[in-house]
Amino acid sequence: MNSTALRLLSAVLALAAAAGCGKRGDPLPPLKRAPLPVTALRVAQRGGLIEISYQAPRTWSDGSRLPVLEVELIKADREGDLAAVGTATVRPVAPGESILESMPAPAPGSLLRVAARARLKGKLSPLATAPTFTVQAPPARPESLVVGPSSSGLALTWASPADGPGAGYFVYRRDKLSRFGRPLNPAPVPQNGFEDTAVATGQEWCYVVRRVASTEPAVESAASPEACAMFSDVVPPAAPSGVAGLLDPDGLLLSWSPSAEPDLAHYRVYRLAAGQRQLVKELPPSETSLRVSDTARRYVVTAVDAAGNESPPSETIGARP
């Protein structure tokens with residue numbers, strides 16, 4: 001191999017080595033472990049109270065679970081650096097715990113700035129901040145709340161304030177052992193009435209209504225007077241349909257179409273005699289036929305729901321060859 005070829009081969013090898021190893025940069029510092037930020041930080045005004053809600057983090061920044069930690073809540077009533085112009089309070093929280101704090105509302109027109117951060121063993125999460133909140137004069141509350149049974153739940157009515165409904169109303173519900181949580185309706189209802197169809201039977205439910213001035217930020221009136229009612233199902237199911245009677249050598253076979261009622265408990269078969277109904281048998285929802293030996297009589301079928309409400313009788317069933 002001549003000298004020119006050797007020089008060319010050396011150059012190629014040098015380029016390949018340079019491309020393979022490259023220059024190493026300065027080593028990066030290790031990532032700092034800290035709690036994840038506080039989330040869902042919100043400020044709302046309900047009547048004469050300011051409510052501040054948030055959720056504590058569950059994990060460290062590396063994904064490992066946090067133990068019991070602290071949340072520092074900072075509040076300020078003017079512009080400027082929050083750490084300098086605000087006041088801080090600290091409370092212990094469980095990982096992932098949802099917190100709701102309330103305080104008397106300052107005078108209408110006052111500014112309220114809120115921030116929060118988690119801390120544990122001297123390590124702080126990034127600061128979470130809520131939009132600056134301007135305190136408003138609360139709207140007048142609804143009055144004369146009345147709760148009573150409806151065809152499929154509990155119906156609420158109330159008296160609107162003299163200056164109208166504003167942006168509408170939020171309805172809140174609780175059972176006798178719990179507190180009021182989020183409103184039942186995702187958006188304010190414009191009218192002074194509401195039907196709650198998601199209540200369980202046999203329980204007492206309590207309600208309040210708040211008038212809504214705005215939803216972002218949330219500004220609502222004080223709660224209406226509380227009203228409670230027991231929900232009992234008083235609506236009977238529909239009468240069975242598709243009834244038929246087939247006469248054969250073994251007797252009279254009564255049959256009917258399955259009921260579509262979601263809370264059906266059983267059927268009742270009655271014999272008609274001298275204008276009166278005589279109970280022959282109760283049948284579970286899975287059975288839609290019954291053979292009887294008295295082929296000279298006529299029969300009707302009713303449906304009964306879980307609350308004991310009985311339907312009107314079906315069409316009369318008689319013997320048919």
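Reply: A residue is called buried under 20% relative accessible area, exposed over 50% and partly exposed in between, with a 1.4 Å probe and protein chains only. By that rule Asp196 is buried, since its relative accessible area is 4%. This is a predicted model, in which local features need pLDDT of at least 70 and side-chain atom pairs pLDDT 80 or more, while totals for chains, interfaces and linings use all residues. Numbering runs from 1 along each chain as its sequence is written, and side-chain values use heavy atoms, without hydrogens or water.

Asp196 belongs to strand 13, which covers residues 193-196 (strands are DSSP runs of E, at least two residues, numbered from the N terminus). A polar atom of the Asp196 side chain lies 3.2 Å from the backbone nitrogen of Ala198. Beyond the neighbours within four places in sequence, Asp196 is in contact (heavy atoms within 4.5 Å) with Ser152, Gly153, Leu154, Arg173, Leu184 and Tyr207.

Turning to the largest pocket, 37 residues line it, and Ala44, Arg46, Glu51, Ser53 and Arg182 lie nearest its centre. Here a pocket is an open set of points on a 1 Å grid over the protein atoms alone, where a 1.4 Å probe fits, with protein on both sides within 12 Å along at least five of seven lines, and lining residues have an atom within 4 Å of a point. Strand 1 (39-46), strand 12 (169-175) and strand 14 (203-215) are among the strands that each supply at least two lining residues, and strand 1 gives the most, with six.

Methods: Helix = DSSP H or I, 4+ residues; strand = E, 2+ residues; numbered from the N terminus. Polar contact = N/O pair within 3.5 Å; in protein donor to acceptor, adjacent residues only side chain to side chain.
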